[in-house]
Each structure stands twice: as C-alpha cells, then as structure tokens.
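Trainee: I am new to this structure. Please take a close look at one part, the strand pairing, and then tell me what goes with it.

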Amino acid sequence: MGRNLVIQTDFGISDGAVSAMYGVALSVDSTLRIFDLTHDIPQYNIWEASYRLYQTLPYWPEETVFISVVDPGVGTSRRSVVVKTAHNQYVVTPDNGTLTHIKKDIGIKEARIIDETVNRLPQSGESYTFHGRDIYAYTGARLASNTISFDQVGPAIDVKDTVELTKPEAYIEEDVIYGNIDILDVRFGNLWTNISRELFQKTRIAHGDAFEVTILNNRQQVYKNRMTYGHSFADSRLGEPLLYVNSLDNLGVAINQGSFAKTYHIETGANWRIMIRKAPKINE
Amino acid sequence: MGRNLVIQTDFGISDGAVSAMYGVALSVDSTLRIFDLTHDIPQYNIWEASYRLYQTLPYWPEETVFISVVDPGVGTSRRSVVVKTAHNQYVVTPDNGTLTHIKKDIGIKEARIIDETVNRLPQSGESYTFHGRDIYAYTGARLASNTISFDQVGPAIDVKDTVELTKPEAYIEEDVIYGNIDILDVRFGNLWTNISRELFQKTRIAHGDAFEVTILNNRQQVYKNRMTYGHSFADSRLGEPLLYVNSLDNLGVAINQGSFAKTYHIETGANWRIMIRKAPKINE
Amino acid sequence: MGRNLVIQTDFGISDGAVSAMYGVALSVDSTLRIFDLTHDIPQYNIWEASYRLYQTLPYWPEETVFISVVDPGVGTSRRSVVVKTAHNQYVVTPDNGTLTHIKKDIGIKEARIIDETVNRLPQSGESYTFHGRDIYAYTGARLASNTISFDQVGPAIDVKDTVELTKPEAYIEEDVIYGNIDILDVRFGNLWTNISRELFQKTRIAHGDAFEVTILNNRQQVYKNRMTYGHSFADSRLGEPLLYVNSLDNLGVAINQGSFAKTYHIETGANWRIMIRKAPKINE
C-alpha cells in the first residue's frame with residue numbers, strides 16, 4: 001500500500017479545482033488514499049499555508065506526502081520542490097516560503113527540485129495557470145503511490161537555499177515578554193502567539209496569575225487589559241479574556257465563548273505585536 | 001478491516017484542527033476509513049450537534065463509530081463518554097447533551113466514561129483545549145480500528161445518567177397541532193418541525209388540504225398564513241409556501257425555491273413554536 | 001474492488017444531507033471509495049452543475065461513477081437517469097440539463113432511466129423531497145460497487161432525448177471574437193469564457209499582443225479596456241488585467257491577484273457577452 005496523500009490549497013471547494021487534483025492523483029493510482037488539510041487558506045497567503053503545515057504535520061504518520069498549493073507566482077520562474085522532513089514526511093510545494101515553519105521548527109533533511117520534463121501531467125503543456133493539478137497533484141501522487149522514488153523527483157538542492165519568510169522570534173526583556181500574533185484559531189477567534197510555553201514559564205508564572213496584555217499594530221496600541229492565565233477557557237467567566245497555552249504549546253489569548261479577534265479587530269503578522277507583563281494581584 | 005469512522009465538530013474546515021484529528025486517527029491505524037458528518041455546527045450549539053447525529057445515524061451501517069465534538073465545557077469537569085446505540089453504532093462525545101436525540105429517538109444500550117489515563121494521545125498532557133484531537137479522535141480511532149474493545153473505553157455508567165437537553169414534544173389539542181421549529185434545512189431555508197407525520201395524520205389530512213400556519217417566537221406572532229399540504233416543493237407555485245413531510249418523516253414548512261427562514265426571519269429552538277390548524281377550503 | 005464514486009450537489013456541507021448520502025452509499029457497500037466534486041453549486045443552478053462535471057470528468061479515471069444532484073424539480077415528473085460517457089464514466093442525475101456540457105463536449109454513449117421500483121432505498125417510499133439520498137446515492141453506490149450492472153439501472157432511452165440547456169457558441173466575425181462569460185473561477189474571480197484557444201488562435205495572435213476587451217450584460221456595456229495576452233497571471237503587473245488560456249484550454253480574463261468579477265460586478269450566463277478585438281500596439 002502507498003503512503004497517504006494530504007492536500008492543502010487556497011482554491012476553496014466551491015468549484016471543480018480540488019476535485020480535478022483528486023482525479024489526477026487517482027488516475028496515477030486509483031487506490032490512493034487522499035485527505036484534505038484545508039482549502040481555505042486566504043488567497044496568496046503563504047505565511048498561513050506555512051503555519052497550517054507546521055500545525056498539522058506532527059499529528060500525521062511518518063511517510064505521509066503533503067501537497068501545498070498557495071502559489072501567487074504560478075507562471076513565474078519560482079521553483080517547484082519536494083522536501084523530506086526530519087520526521088520522514090514529504091511536502092510538495094512551490095518554493096515560495098511555504099516551507100518556513102517546517103524548516104525552522106521541524107527540520108528538513110533533503111530538498112529536490114521537481115523535474116517537470118518527467119513529473120508533469122501528460123498533455124498539460126499548454127496550461128500555465130493550474131500547476132496544482134498539472135504538477136503538484138501529479139508529482140505528489142506519483143511519490144505517494146511509489147510510482148517514483150524521492151530521488152526521481154528531480155535534482156537535489158541545498159536545503160539552505162529553499163525560500164524562507166521573515167519569522168520574528170519572541171523574547172523576554174526586563175520581565176516583559178515580547179511576541180507576535182502569528183495566526184488565528186479561525187472559527188473561534190482566539191489569537192495564537194509565537195510565545196512558547198517554555199519561554200513564558202521563564203517568568204515563573206502559575207495558573208491563576210494575572211497579567212497585563214498589550215496588543216499593538218505597528219506602534220499603535222489596539223488593546224490593553226488585565227487577564228488571568230488559565231488552563232482552559234472554562235477558567236474564565238463567559239465573555240472574559242484569558243491567557244492560555246494552546247494546542248501547539250504556544251501562548252493564546254481568548255474570550256470564553258467569544259471571538260477576541262472580532263471584538264477587538266485584531267489581525268495577524270509581523271506588524272501585530274503583543275507584550276505581556278505580570279500584574280500585581282488585586283483583591284477580588 | 002476496521003469500522004468506518006465519522007467525525008462531526010463545530011471547528012470549521014478553514015484551519016488545521018480537523019486535519020490534526022484525521023492525522024491522530026491515522027496514526028493509530030493508517031488504513032482507517034474516515035468521513036465527515038459536518039464541521040459547520042454553529043459554535044457551542046449542542047442542540048444542533050445532537051440533531052445532526054439523529055438525522056444521519058440511521059443511514060450509516062451498523063458498527064460505524066461517530067465522533068462529535070461540540071464542547072463549550074472543554075477543560076471543565078464534564079465527562080467524556082462513548083455510547084453504543086440500539087442499532088450497534090458508537091458515539092464518542094463530551095457528555096453535555098449531544099446525545100439527547102439519539103437517546104430519545106434511537107436508543108442507547110450502553111454508556112462508558114473514557115478513561116483518559118489510557119485513552120489519551122501520548123505526550124498531550126499539557127494541552128487542555130483540544131480534546132477533539134487528544135481524546136476524542138484518539139479514542140474513536142482506537143475503537144474503530146479494534147485497537148481497544150468497547151469495554152476498554154473505560155468504566156460503564158448508567159445510560160439514564162447521560163446528560164439530556166430539554167426536548168419539547170408536539171401534541172394535538174382541539175384539532176390544533178402544537179409543535180416547535182426544531183432546526184433548519186440550512187442551505188434551502190426550510191423549517192423542520194418536531195411534528196411527526198404520524199401525529200399530523202391523526203387530524204385526518206390529505207395531500208392538497210389547506211392549513212392555517214402560525215409561527216410564534218415566545219408569545220409573539222411572527223408569521224400567520226394559509227398554505228397547502230403537498231408531497232414536495234413542486235406541489236406549490238414558485239415562491240409559494242407549503243407544508244410537506246421532510247426526509248426525516250417530520251412536518252416541514254417551505255417556500256418553493258425560496259428561503260422561508262430568511263424571508264420571515266425564523267430561527268429555531270424551544271422558543272420558536274408553530275400551530276397548525278385545518279383551514280376551510282376556499283373556491284379558487 | 002469497485003469503482004470510485006464522486007458526488008456533487010447544491011446541498012452545502014453545513015447539515016447532515018451529504019453525510020446521509022455517504023451513509024446510504026456505504027450501507028450498500030461499506031468498502032466503497034467516495035469523493036466530493038463540490039457541494040457548493042449555487043442552489044438550483046443546473047448550468048453550473050453541468051459545467052463542473054465538464055471541468056472535472058476528464059481528470060478522473062475511466063469507470064468512475066459521478067452523482068450530481070441539483071434538482072429544483074424534485075417531486076415533479078422529471079426523469080432520473082444514468083448515462084455512460086464516451087470515456088466510459090457514469091453520471092447519475094436528474095435529467096434536467098445537468099448533462100448539457102458532457103453531451104456536447106465529451107459525448108454520451110448510452111442513457112438509461114432509473115427504474116425506481118428496484119433502484120430506490122428500501123423503506124424510503126414516504127419521502128418525496130430527498131432523492132439525493134433515496135435514489136441517486138443508492139443507485140450510484142449500487143453501480144459503483146457492481147451490485148448492479150449498467151443494464152440493471154433501468155430501460156435504455158435515446159441519448160438525443162436527454163434534456164439540454166441552451167449553450168451559446170463563440171464565433172469570429174470580421175476579426176472580432178464574440179463569446180460568453182460561461183462561469184467564474186469562483187475563489188479568484190477570474191472570468192472563464194466559452195472561447196477556445198483554438199478559435200482564439202485563428203486570429204493569428206501571440207503572447208504579448210494587446211487586445212480590446214468589451215463585456216456586455218445584454219446590450220449594456222459593463223466593461224471596456226485594453227489588455228495583454230499572457231501565459232499566466234505573472235505576465236501582468238499586480239492589479240492589471242490580462243487575457244490568458246485557462247486550465248480548460250479556454251480564454252480567461254483575470255486581474256493579477258485581484259478579482260475581476262468583483263471589481264467590475266461581472267456575472268455569468270447567456271446574457272453576459274464578451275467581444276475581443278486586436279488592439280494596435282502602443283509605444284510604451
């Protein structure tokens with residue numbers, strides 16, 4: 001049996017694009033097992049594509065083959081690559097920064113450029129706009145089904161040469177923790193920061209402690225309030241904010257049964273910074 | 001071969017949450033067959049989670065394992081359970097009312113509390129906010145793949161002790177049928193009531209009969225009009241309302257190719273009541 | 001092993017309808033492999049259902065069984081059919097125009113009416129509103145699993161008698177190409193016309209040539225501008241319009257990283273016409 005194949009795109013599922021990719025993969029091997037990561041990456045948002053891979057890969061078995069197609073540069077000279085991670089999973093993707101988190105936080109062992117003279121859907125030569133179907137689904141399926149080995153993807157390149165987005169790191173200065181709003185827990189509106197539990201705990205905190213949390217968009221303050229550090233949403237009252245460790249072991253900011261992001265119009269990225277400092281306990 | 005696994009959540013499919021659950025399940029057994037019920041349950045809406053299970057379970061094979069994660073109380077002391085239904089299907093869920101319809105309308109034979117000391121994703125001990133991944137996907141996959149038997153889920157509890165939401169029953173009084181708007185046929189905006197075809201037919205009705213339909217939100221009248229009882233939408237003209245028996249053998253209210261719910265701002269739940277009485281035939 | 005089964009509907013995936021169809025199919029054969037085309041066809045939009053089949057079928061293996069349920073006439077006397085295409089794939093659908101593109105552009109070899117006395121979910125006789133579950137999923141699964149042969153679907157009919165929607169053809173007159181906006185590349189807002197690359201090339205064009213593009217809604221001009229013919233979006237600057245050959249080998253109109261449809265409020269269908277003529281080169 002082949003490896004499982006998992007697909008992520010920014011194509012949505014309202015038209016036939018994703019289904020055409022499935023069809024191509026099943027035409028390579030009609031017994032392939034195919035799954036979705038998400039097809040709702042905001043269009044052209046390479047950062048979020050990179051983050052969602054980092055969020056999910058650790059929970060999938062070794063040898064799984066992932067395809068990620070968020071590809072604003074389709075038709076340019078950007079390269080198409082397949083990498084093998086430190087945990088022996090594969091990612092098939094345009095080399096445009098989609099590998100940023102995987103490279104830093106999981107590790108990449110080997111990288112190869114897709115040789116499109118062999119790894120391209122036959123008779124698709126006149127199509128320049130749908131590499132998701134013609135190159136990535138086709139190559140991912142050939143690799144997942146063992147039709148080709150990893151070596152047969154194409155020539156090896158230096159892992160260091162794969163494209164990376166700027167990825168700010170969190171740090172502590174004079175007992176204040178500085179970080180970024182990396183991404184949203186979309187459906188629930190929780191903010192996920194780049195502050196790891198490990199870093200947070202260097203400030204000798206305990207559940208129930210109170211913190212002053214400031215959020216800035218560039219230099220402009222968007223939010224400032226006091227909140228408690230809890231295990232889970234249930235540790236605050238309905239509608240109250242709290243700090244918690246999210247499911248990726250990073251610090252999150254939430255409102256119990258509310259959307260923090262919507263309530264305070266918070267977005268994500270390098271401009272969206274968060275400062276956390278311990279607050280004196282108030283008698284309640 | 002193991003049993004099929006079917007997952008329902010209120011997580012949406014725009015981020016990596018559902019895919020992480022799939023990955024955990026496939027890490028238990030990489031040949032598992034996994035399907036979706038829906039991931040679009042409105043957040044925290046336990047009633048709708050319960051209803052969607054009732055709507056779909058009868059159409060799936062015996063031995064199917066369902067996971068339902070609508071879990072506003074994650075991190076509280078609410079229990080996690082697995083039940084075996086009267087038709088030998090399994091449901092893995094927080095015990096928060098999600099089993100209401102299954103218990104009343106299908107029947108539950110046995111219930112067990114999940115023993116999290118064994119049925120929890122290894123190394124997930126510091127995560128308090130994603131039991132969908134760490135407990136429900138993991139336990140559901142172990143059960144579906146026969147890695148554990150139902151007995152090995154954890155200690156048995158009395159079925160009577162599982163949590164139930166209030167579920168109003170429809171009734172007839174002086175030839176008027178009183179019921180509730182239970183839920184919507186979301187995409188098409190049809191109202192689905194809790195009035196069964198069997199109860200409705202006690203008023204000696206026939207297709208083509210006219211009825212006066214009143215809808216109230218608490219005591220306030222929101223809609224009152226005359227409509228015909230038809231087999232299907234096509235039995236009314238475009239844009240006209242009609243009464244019909246829906247695909248679950250309950251009474252529905254629709255507008256032919258229109259959304260009744262949107263047109264009249266109708267919502268669902270115990271406050272949304274419907275009264276139906278036979279109308280005298282008008283010469284047309 | 002049976003054939004793969006692929007389902008398309010206008011039901012959305014927010015309630016239990018699609019999952020009930022899956023359940024019925026897996027109750028026929030619990031090892032069936034089922035996939036989605038899309039469930040986001042706009043309600044009652046038979047044209048788009050027809051187009052999405054045409055868009056994806058060529059990429060799926062021979063013998064695949066497709067189910068398409070966009071069925072505004074459920075409960076009327078419209079027929080239910082299964083057809084076998086020129087490439088030996090099957091489509092199970094109401095006979096309401098859903099086969100328009102398949103018939104013209106791929107070809108249909110044989111058509112059969114579904115005999116509902118045998119090919120209908122047992123005990124579903126009182127349900128008149130969900131043929132997707134009771135007839136199409138059930139029959140499609142029986143065919144895909146080889147429970148019935150194509151002959152056992154029901155009596156053969158003349159392929160010519162299957163219902164077709166009006167489908168305008170593109171043409172050239174005095175070096176102007178006249179066509180229609182057939183459909184959108186939904187997520188990205190690109191316009192897909194019915195002008196084939198082959199027809200377009202009859203005007204002796206080359207990549208980099210400039211064209212004057214006019215779009216009309218009925219006789220009213222909605223858009224008129226000059227744009228370049230490129231290989232891919234990257235051949236125009238960010239925010240600039242371009243003509244290109246899309247992934248189905250037809251002419252498309254796009255804005256690089258923008259939504260043409262939203263920006264200019266363009267819709268699709270027989271009323272939405274496009275005229276393209278070569279523009280004199282301007283010194284840049």
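**Strands and their partners**

Mentor: In β13(A), A:L243 is the bridge partner of A:Y229. This is a predicted model, where local features need pLDDT of at least 70, side-chain atom pairs count only at pLDDT 80 or more, and totals for chains, interfaces and linings use all residues. Residues are numbered from 1 along each chain as its sequence is written, chains are lettered from A and ligands numbered from 1 in the order written, and side-chain values use heavy atoms, with hydrogens and water left out.

Strands (E, at least two residues) and helices (H or I, at least four) are DSSP runs, numbered from the N terminus. Two strands pair if DSSP finds at least two bridges between them. β12(A) and β13 (residues 241-245) of chain A pair in the parallel sense, over two bridges.

β12 (residues 220-229) of chain A also pairs with β11 (residues 210-217) of chain A. That pairing is antiparallel and has eight bridges. A:E212 stands opposite A:R226 there. β11(A) and β12(A) make a hairpin with two residues between them. In its turn, A:N218 has a positive phi of about 55°.

Now the open sheet of chain A. Seven strands run in the order β2-β1-β3-β5-β4-β6-β7, with mixed pairing. β1 (residues 5-9) of chain A runs parallel to β2(A), joined by three bridges. A:V6 stands opposite A:F35 in β2(A).

α4(A) lies across β1, β3 (65-69), β4 (80-85) and β5 (90-94) of chain A, and runs at about 170° to β3(A). Contact means heavy atoms within 4.5 Å. Axes are lines fitted to C-alpha atoms, for helices over the stretch in contact, and angles run from 0 to 180 degrees between N-to-C directions.

Chain B has an open sheet of seven strands too, in the order β2-β1-β3-β5-β4-β6-β7, again mixed in pairing. Its edge strands are β2 (34-36) and β7 (156-157) of chain B. β4 (residues 80-85) and β5 (residues 90-94) of chain B are antiparallel, with five bridges. B:V83 stands opposite B:V91 in β5(B).

Next, how the chains meet. A:Y59, A:R187 and A:F188 supply 26% of the area that chain A buries against chain B, more than any other three residues. Buried area is the accessible area (1.4 Å probe) that two parts lose on being put together, summed over both.

Last, a pocket. On a 1 Å grid over the protein atoms alone, a 1.4 Å probe that fits but cannot get out marks a cavity; a pocket is an open set with protein on both sides within 12 Å along at least five of seven lines, and lining residues have an atom within 4 Å of a point. The second largest pocket has 43 lining residues, and C:Y54, C:P58, C:Y59, C:L248 and C:D249 lie nearest its centre. Among the elements that each supply at least two lining residues are α1 (17-28) and α4 (131-144) of chain A and α2 (46-56) of chain C.
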